[in-house]
Amino acid sequence: MKLTKTKRDVLRRKFGGCCAYCGNELPARGWHAERCEADFALLPGECRGLMPVCTECRTSKGNASAEAFRVLLSQQVYRAQRHSVNFRTAMRFGLVRETAAPVEFWFEKYAAVTASAQRISTESSQYQDSAA
Ligand SMILES: [Zn+2]
């Protein structure tokens with residue numbers, strides 16, 4: 001997908017400069033602009049209909065839907081236990097622990113994170129106003 005440099009910069013910052021799925025910081029180059037599925041096309045912000053995605057998530061997800069990607073990710077611990085002696089050893093020694101945490105994508109958490117940051121900023125400026 002061809003985007004202008006400006007649109008690409010705007011898209012890269014859509015979720016705080018992070019991959020829409022995993023939340024890892026995106027490099028300046030070497031990430032992908034991916035079309036949103038209909039359910040996510042109305043995500044707030046500029047570049048509606050597009051999501052910035054890191055190379056690793058793009059490779060893992062392929063052409064799967066976001067929900068199919070979520071299911072795939074939810075099976076990662078099981079697969080690691082089944083196929084990796086290193087992972088089983090790390091579990092046996094308590095170095096890693098399985099949780100029942102649901103797979104949440106960064107774009108789902110991002111709105112809550114930014115709303116929380118705005119609330120703290122607003123409360124802090126109100127405190128400063130009342131203290132002055
Ligand atoms: Zn990612």
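The following legends describe close-up views of a predicted model.

In this predicted model, local features require pLDDT of at least 70 and side-chain atom pairs count only at pLDDT 80 or more, while totals for chains, interfaces and linings use all residues. Residues are numbered from 1 along each chain as its sequence is written.

**View 1. Secondary structure of the protein chain.** The protein chain contains six helices and two strands, where helices (H or I, at least four residues) and strands (E, at least two) are DSSP runs numbered from the N terminus. Along the sequence, these elements are arranged as α-β-β-α-α-α-α-α.

**View 2. The largest nonpolar core.** A nonpolar core is a set of buried Ala, Val, Leu, Ile, Met, Phe, Trp, Tyr and Cys residues joined through C-beta atoms within 7 Å. A residue is buried if 20 or more other C-beta atoms lie within 10 Å of its own, exposed if 12 or fewer, and partly exposed in between, with C-beta atoms placed from the backbone. The largest such core comprises 16 residues, and Tyr21, Val53 and Trp106 are among those with the most contacts inside it. Strand E2 (50-54) and helix H6 (106-131) each contribute at least two residues to this core; E2 gives the most, with four residues.

View 3. Phe107 lies in helix H6. This residue is buried because 22 other C-beta atoms lie within 10 Å. The C-alpha atoms of Phe107 and Pro52 are separated by 9.9 Å, although these residues are 55 residues apart along the chain.

**View 4. Helix H5 and Gly94.** Gly94, which follows H5, has a positive phi near 75°.
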